[in-house]
Amino acid sequence: MATDPPGRGVTLGRTERDPDESWNERRADVDVGEILEELGRYLEPDAEELSLPPAAFTSSALWEVERERVFGRSWVLVAHADELTETGAYVALSVAGEPVVVVRGEDGVLRGMSPVCRHRLMPVVEEGSGRTDVFTCPYHLWRYGLDGRLVGATYMKRNPAFDPSACRLPRFAVEEWHGFVFVNLDASAEPLGPHLRRIGEDLAHYRLPELTQVAGWTEEWHCNWKVAVENAHENYHVMGFHPETLHPTTPGGAETTVRADSPWADSMRVRYATPLEPGVLDLTEEERAHLYGFFVFPSGSLAASGDMVIWLSLVPTALDRTTVRGGILMPPAMIEGQDRDAVRKEAEAYAAVINGEDRRGLEAVQRGAASRFAERGHLSPKEPGVLLFYRSLARALLSEDADWPGPL
Ligand code: FES
Ligand SMILES: [Fe+2]
């Protein structure tokens, strides 16, 4: 006789329901074709300004399409180069469930690789960051150099079919842009730099290549990555989520303009309640009057605010889990003569407050998205960036071309 695991088969009214089963799973049977069709409407000229279908945040079928068409071929911001200056410095993370490591080689070159061992699939490095001379697989101790080549495998000499010289970790594409490190699982992806040309021009006075990372963090948020990314694309929410921290300087109703440069790049400009005082950087009056947000689809963002640039990357590890990596950058002159540790602690404490406000709010949104009563909502004119994100998302998900997004 089959026995149900404890808690199964509880009868609620007339519906038999598993109390362990989340709403997320119950939405899994929504037809992915229907979601894609609805997303396609964002690309029509008179598209209705509506939020995503709630199932877009909970559908495991859509998640599989995103893994392939979004994260399988886009440039994902993973680190700032200051974290990867030393030989052997690495950052390891999951990009939509795909283990990835980016490491500085002995030749000074940054490489992106799959850390999945060529023997029997153990990742040779745990998620996180650090420094190493060699990646040793914890399972049977095969060893790989920083370039991914196998440098040692115990007790393998007596297998004549095994050719150690042909054994290496697969490569991903890596691109560094003004100190920001991006990885693309598609090793033949077209370069990112040309897509960011206008953003680079906008940021010229912020002197990105000279900035120093003074603080960094990695957090895990319990929400779908799109809940976090759409939130980053608007300032409208600061009155709700950040009433005491951000709202006084960039009010939720502040004048907001956006610009799309390419399916991979867009930006947003928000007027400060009061312009910033002149600082270390030689910024124009216009620059001191605005907060600038820049987005690299799907998950990277930068915010330039006077003498400070904050980067944030919202990378999914699973359908309802998002890794939030970020850092605060400043001109070296700002921190000269100061206790670096004290600067780091203060910057990290500031980021933890803002991130905590967003995390708590967005985890609640994820619960809302899973409600049976959730529906699409109308967007405000104060959140035009959200629509730009939806359009990039629709283009990525609906394009079957191998060379997406195509030349500029
Ligand atoms: S799985 Fe890596 S050495 Fe066996
Ligand atoms: Fe926020």
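The model is predicted, so local features need pLDDT of at least 70, side-chain atom pairs count only at pLDDT 80 or more, and totals for chains, interfaces and linings use all residues. Residues are numbered from 1 along each chain as its sequence is written, chains are lettered from A and ligands numbered from 1 in the order in which they are written, and side-chain values use heavy atoms, with hydrogens and water left out.

The protein chain is divided into domain 1 (76-174) and domain 2 (193-398). These bounds come from an automatic or database domain assignment. The centres of the two domains, taken over C-alpha atoms, are separated by 31 Å. In total, 14 residues of domain 1 are in contact with 14 residues of domain 2. Contact means heavy atoms within 4.5 Å. About 1,000 Å² of area is buried between domain 1 and domain 2. Carbon and sulfur atoms give 60% of that area. Buried area is the accessible area (1.4 Å probe) that two parts lose on being put together, summed over both.

Polar pairing was examined next. Between domain 1 and domain 2, five residue pairs are in polar contact, both residues being at pLDDT 80 or more. A polar contact is a pair of N or O atoms within 3.5 Å; within protein, one must be able to donate a hydrogen and the other to accept it, and residues adjacent in sequence count only if both atoms are side-chain atoms. Across the interface of domain 1 and domain 2 the rule finds one salt bridge. A salt bridge is a side-chain nitrogen of Lys or Arg within 4 Å of a carboxyl oxygen of Asp or Glu. The side chains of Glu83 and Arg325 form a salt bridge at 2.8 Å, N to O. On the side of domain 1 that touches domain 2, β3 and β4 (89-95) each supply at least two residues. Strand β3 gives the most to that side, with five residues. Helices (H or I, at least four residues) and strands (E, at least two) are DSSP runs, numbered from the N terminus.

Helix α10 covers residues 384-398. At 1.5 Å a residue, its 15 residues should span 21 Å. The expected span is 1.5 Å times one less than the number of residues. The end C-alpha atoms of α10 are 22 Å apart, which agrees. Of the 15 residues of α10, 11 are buried, so the helix is largely enclosed by the rest of the structure. Buried means under 20% relative accessible area, exposed over 50%, and partly exposed in between (1.4 Å probe, protein chains only). Among the buried residues of α10 are Gly385, Leu388, Phe389, Tyr390 and Leu397. The buried residues of α10 pack against α2 (32-40), α3, α5 (225-232), β14 (256-262) and β15 (265-271).

Two serines were then examined. Ser392 lies in helix α10. Ser392 counts as buried, at 3% relative accessibility. Its side chain reaches the backbone oxygen of Pro263 at 3.1 Å. Leaving aside neighbours within four places in sequence, Ser392 is in contact with Pro263 and Phe297. Ser74 is found in the loop between α3 (60-69) and β3 (76-80). Ser74 also counts as buried, at 1% relative accessibility. Leaving aside neighbours within four places in sequence, Ser74 is in contact with Val183, Asn184, Trp264, Phe297, Pro298 and Trp404.

Side chains of opposite charge can pair when their charged atoms come close. A search of the whole structure finds 22 salt bridges. One of them joins Asp261 and Arg198, with the closest N and O atoms 3.8 Å apart. This pair links distant parts of the chain: Asp261 is in strand β14 and Arg198 in helix α4 (residues 197-202), 63 residues apart. Arg198 is partly exposed, with a relative accessible area of 38%. A network of salt bridges links Arg198, Asp202, Arg259 and Asp261.

Glu220 forms a salt bridge with Arg321, the closest N and O atoms being 3.8 Å apart. Glu220 lies in strand β13 (residues 212-221) and Arg321 in strand β19 (residues 321-330), so the pair ties together parts that are 101 residues apart in sequence. Glu220 is partly exposed at 44% relative accessibility. Arg321 is partly exposed at 25%. The side chains of Arg321 and Asp320 also meet in a salt bridge, at 3.6 Å, N to O. Asp320 counts as partly exposed, at 24% relative accessibility.
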